[in-house]
Amino acid sequence: MILLRRVIGDALRARRQGQQRTLREVSTAANVSLGYLSEIERGHKEPSSELLAAICDALGARLSELLLEVSDTVALAEQMPGVLVSMQDEPADAAAKSTNRGVRQVTSDGKVAVSVRQDSPLKATLRSTRVRPTERDRDVVCAA
């Protein structure tokens, strides 16, 4: 099952690392503690809308851009059969195929591609790649 806080955290981390900035730099600029920002990036805490806006501002990103990226990842995951269902709810043959810890499925809408790897019964790792003709192309790894 996808946890929205993990997808948000992964998107924030990818943006920060893409700028080659440290947690300390961004936490200072956003006026949030380093530990709390780390927990947000790891998906352990869910930021308020005000805090999310402050972090985006510190990263020089618009909140709408971040939310669009998160929305694209979640929307593609919703289209993939079995991604939002725990392995206990899957048919036995499907569960057997996904226990090899390999990539289960890849889908794309032309703008974003998502691959899924089942890490445990309730944890899937989503890797999304945004297809853009700019120098800012990057992979975003989302664990849910």
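This is a predicted model: local features need pLDDT of at least 70, side-chain atom pairs count only at pLDDT 80 or more; totals for chains, interfaces and linings use all residues.
Glu65 is partly exposed, at a relative accessible area of 27%, where partly exposed covers the range between buried, under 20%, and exposed, over 50%, for a 1.4 Å probe and protein chains only. Its side chain meets that of Arg62 in a salt bridge of 3.5 Å, N to O, the term being used for a side-chain nitrogen of Lys or Arg within 4 Å of a carboxyl oxygen of Asp or Glu, and Arg62, at 56% relative accessibility, counts as exposed.

Residues are numbered from 1 along each chain as its sequence is written, and side-chain values use heavy atoms, with hydrogens and water left out.

The structure holds six salt bridges, and a network of them links Asp10, Arg13, Arg16 and Glu41. Arg16 and Glu41 have their closest N and O atoms 2.7 Å apart; Arg16 lies in helix H1 and Glu41 in helix H3, so this pair ties together parts that are 25 residues apart in sequence. Helices here are DSSP runs of H or I with at least four residues, numbered from the N terminus. Arg13 also forms a salt bridge with Glu41, at 3.4 Å, N to O, and that pair is 28 residues apart.

Note on methods:
Helices (H or I, at least four residues) and strands (E, at least two) are DSSP runs, numbered from the N terminus.
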